[in-house]
Amino acid sequence: MFKILKYSFFDLIRSRWSYVYFAFFLLLGYVLLFLNNDVSKAVITLMNVIIILVPLMGTMFGVMYFYNSKEFTELLLAQPLNRTSIFIGQYLGVAISLSLSLIIGLGIPFLAYGIFKSEAILDFLLLLVTGGFLTFIFTAISFYIGLSNENRIKGFGYAILFWLFMAVIYDGLFLISLILFEEYPLDTFSLIASMVNPIDLSRILILLKLDISALLGYTGAVFQKFFGTHWGLIVSLGLLTLWVIIPVFLIRKKALKKDF
Amino acid sequence: MIEIKSIHKSFGKNKVLQGVDLIIPQGNTIAIMGPNGSGKTTLIKSILGMVLPNQGNILMNGKNIQRSWKYRNQIDYLPQIANFPNNLKVSELIKMIKDIRGGEIVEEDKYINLFSLHPFLNKKLGNLSGGTKQKVNLVIALMFESPLIILDEPTSGLDPVSLLVLKDIIIEQKKKGKTLLICSHIMSFVEAVCDTIIFIWEGKIYFNGTISALKKETAEDDFEHAIAHLLKNAHV
């Protein structure tokens with residue numbers, strides 16, 4: 001598996017798109033820091049970008065890489081390797097190189113700005129951790145979608161739809177349901193609903209860490225009570241991990257049954 | 001030796017293989033022929049474990065290959081379509097495949113010379129022409145000394161010089177006592193290198209025997225006509 005990972009990784013870090021992705025974060029980090037002149041504010045703005053963009057890039061890269069390396073995968077399948085290590089190795093190659101683009105791209109400007117002397121270091125780290133989780137989650141899901149769809153147009157479509165649902169539509173449905181059922185106590189419902197979606201979960205995790213939950217009103221208080229504690233943080237990170245493990249498990253299951 | 005025992009495979013409603021029984025003895029050079037979509041590639045991929053049959057067993061040297069993967073270090077496979085990671089250089093790809101197979105005797109220099117690939121070694125795979133990619137594909141497939149070689153459309157995209165080189169390589173491998181399975185539509189190529197013909201039609205083996213037996217059975221002197229005869233009868 002590590003051999004496949006190594007080669008997928010080197011293949012990707014040499015591709016132009018990894019550099020574009022890296023340069024984008026580098027530029028974004030610098031621009032935000034020197035416009036805001038405040039690490040905490042920069043982290044909030046970055047969060048908004050990361051929460052939408054990282055899943056999109058994970059989805060696109062995952063699906064693109066999967067379909068582009070199809071013939072190569074077939075070559076690997078004819079080698080004395082087991083299927084699990086081929087697919088998990090490729091997946092990890094993509095996810096790790098994307099995460100590195102994110103971490104290094106943002107890390108450089110923040111280091112240059114002096115993040116270690118700032119109090120926002122933990123917030124910034126949490127931002128990178130959730131960004132990494134989102135990359136791993138959405139790359140895994142896009143790999144699974146790729147494995148399930150022979151037709152790449154369909155595969156791309158489903159992957160984008162999934163991203164759109166998680167990033168945009170889910171929130172809309174969530175808000176509509178809050179308005180429709182406003183007469184009922186919705187604390188537990190909204191807590192669970194926002195924990196089920198990894199994008200919402202990441203957003204809340206960062207917002208609460210930044211101590212601006214007061215902006216969220218009463219729900220914010222409920223959330224603060226839960227997420228603000230160590231227990232909440234552990235549960236949230238556990239859920240994000242689950243969001244990685246389940247798709248990876250599905251990839252493995254699908255890969256073992258598929259004909260190539 | 002490979003034993004194939006009543007393999008069935010369907011993709012959705014499309015029944016590709018319908019009970020293929022076949023014994024491939026060691027040291028034979030076998031051509032798998034048949035019209036497009038007759039199940040040749042599916043049969044090959046079943047032997048490689050890339051396609052999982054719905055029914056039946058495949059035994060390699062007496063062992064069932066189902067759910068195992070280590071047996072593939074006994075096989076060299078040339079896929080039909082040559083497509084590699086575009087960012088890798090030719091030399092890196094060769095190194096990588098060697099690394100993945102690990103610890104086997106490798107003769108890549110010999111084949112790189114035979115196909116005159118030296119000028120391309122430091123070029124990226126994405127920038128190569130189709131024929132050159134096929135040559136790289138051949139080098140990767142042939143550089144290991146495995147007892148079974150499976151070639152799926154080895155001639156596609158090759159220039160006449162490389163085609164001659166390929167013929168010589170195959171004849172050399174035959175002399176070493178290796179088993180070769182070759183899928184090809186090029187009659188002259190098949191006639192020049194293969195001993196046995198397996199003709200597949202509609203997922204079943206329609207003919208299995210030597211070229212001379214085929215000529216006798218169809219009462220044709222010419223190999224191409226014999227195959228055409230077979231095809232015509234198959235369609236009736």
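The expected span of a helix is 1.5 Å times one less than its number of residues. Helices (H or I, at least four residues) and strands (E, at least two) are DSSP runs, numbered from the N terminus. Helix 4 of chain B, residues 130–142, is a case to check. Its 13 residues should span 18 Å, and its end C-alpha atoms are 18 Å apart, which agrees.

This is a predicted model: local features need pLDDT of at least 70, side-chain atom pairs count only at pLDDT 80 or more, and totals for chains, interfaces and linings use all residues. Residues are numbered from 1 along each chain as its sequence is written, while chains are lettered from A and ligands numbered from 1 in the order in which they are written.

Stay with helix 4 of chain B. A residue is buried if 20 or more other C-beta atoms lie within 10 Å of its own, exposed if 12 or fewer, and partly exposed in between; C-beta atoms are placed from the backbone. Of the 13 residues in this helix, 10 are buried, so the helix is largely enclosed by the rest of the structure. Among them are Thr132(B), Lys135(B), Val139(B) and Leu142(B). What covers them? The cover includes strand 6 (75–78), helix 2 (90–101), helix 3 (108–114), strand 7 (148–152) and helix 5 (160–175) of chain B.

Two of those elements lead to a sheet. Two strands pair if DSSP finds at least two bridges between them. In chain B, 6 strands form an open sheet with mixed pairing, in the order 6-7-8-3-9-10. Strand 6 and strand 10 (204–210) of chain B are the edge strands, each pairing on one side only. Neighbouring strands are turned by 15 degrees against each other on average, direction ignored. Axes are lines fitted to C-alpha atoms, for helices over the stretch in contact, and angles run from 0 to 180 degrees between N-to-C directions. Strand 9 (residues 196–201) of chain B runs antiparallel to strand 10 of chain B, joined by 6 bridges. There, Thr196(B) stands opposite Thr210(B). Helix 4 of chain B packs on this sheet, touching strand 6 and strand 7 of chain B; its direction makes about 170 degrees with that of strand 6. Two residues are in contact if their C-beta atoms, placed from the backbone, lie within 7 Å.

Chain B also has an open sheet of 4 strands, antiparallel, in the order 2-1-4-5. Its edges are strand 2 (14–24) and strand 5 (63–64) of chain B. Strand 1 (residues 2–11) and strand 2 of chain B pair over 8 bridges. Ile7(B) stands opposite Val20(B) in strand 2 of chain B.

Now turn to chain A. Helix 6 (residues 121–148) and helix 7 (residues 152–180) of chain A pack at about 145 degrees, with their axes 9 Å apart. Residues that meet include Phe138(A) and Ile141(A) from helix 6 of chain A, and Tyr158(A) and Phe162(A) from helix 7 of chain A. The contact has 7 nonpolar, 3 polar and no charged residues. Ala, Val, Leu, Ile, Met, Phe, Trp, Tyr, Cys and Pro count as nonpolar, Asp, Glu, Lys and Arg as charged, and the others, Gly among them, as polar.

Helix 6 of chain A also holds Thr130(A). With 25 C-beta neighbours inside 10 Å, Thr130(A) counts as buried. Leaving aside neighbours within four places in sequence, Thr130(A) is in contact with Ser202(A), Leu205(A) and Ile206(A).

Finally, the chains meet. The contact takes 18 residues from chain A and 21 residues from chain B. Helix 4 of chain A gives the most to the chain A side, with 5 residues.
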